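Visitor: I would like to go through this model with you. Could you put it up first?

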Amino acid sequence: VALGVLGAATGAQAQQVVLKVSHFWPPSAMGPSKVMEPWCAKIAKESNNEMVCQLYPALQLGGTPAQLIDQAVHGVADIVWTLPGYTAGRFPSTEVFELPFMTHRAEPASRAVWEYCQKYC
């Protein structure tokens with residue numbers, strides 16, 4: 001609290017952090033419009049706009065869906081949304097969840113992957 005008061009008293013402001021978020025979907029797709037945009041709005045709100053997202057839909061930063069992970073690794077993007085199946089062999093511990101007939105519904109499959117990764121990834 002004292003640091004916050006000191007910053008306000010001296011007029012110091014934190015520099016805004018802009019997170020580059022890259023994905024392969026068009027902006028109107030369900031993922032960006034129903035998940036990413038609200039998530040980014042929440043980040044901005046909860047940080048008093050000290051952190052904001054700049055969305056780069058439809059591979060605007062270049063590459064292919066399989067190369068999105070490399071964008072994050074090399075600093076082209078801060079956050080990427082892709083699918084492990086697009087990067088065959090790169091994440092072998094989760095590939096079993098993409099085998100045919102392993103799951104029939106997204107929600108329980110997502111929970112299973114999350115629980116598995118919390119323990120083994």
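Visitor: Where is Leu 99 found?
Guide: Leu 99 lies in the loop between α4 (92-95) and α5 (106-120); helices here are DSSP runs of H or I with at least four residues, strands are runs of E with at least two, and both are numbered from the N terminus. This is a predicted model, in which local features need pLDDT of at least 70, side-chain atom pairs count only at pLDDT 80 or more, and totals for chains, interfaces and linings use all residues. Residues are numbered from 1 along each chain as its sequence is written, and side-chain values use heavy atoms, with hydrogens and water left out.

Visitor: Why does Leu 99 count as partly exposed?
Guide: Because its relative accessibility is 45%; buried means under 20% relative accessible area, exposed over 50%, and partly exposed in between, with a 1.4 Å probe and protein chains only.

Visitor: Changing topic, which residues make up the largest nonpolar core?
Guide: Six residues do: Phe 24, Leu 59, Leu 68, Ile 69, Ala 77 and Val 80. Such a core is a set of buried Ala, Val, Leu, Ile, Met, Phe, Trp, Tyr and Cys residues joined through side-chain atoms within 4.5 Å. A second, separate core has five residues, including Val 21, Met 36, Cys 40 and Ile 43.

Visitor: And what is Ile 69 in contact with?
Guide: Beyond its neighbours within four places in sequence, Ile 69 contacts Val 80, Thr 82, Thr 87, Arg 90 and Phe 91, where contact means heavy atoms within 4.5 Å.

Visitor: How many helices and strands are there?
Guide: The chain has five helices and three strands, in the order α-β-α-β-α-β-α-α along the sequence. Of its 121 residues, 22% are buried.
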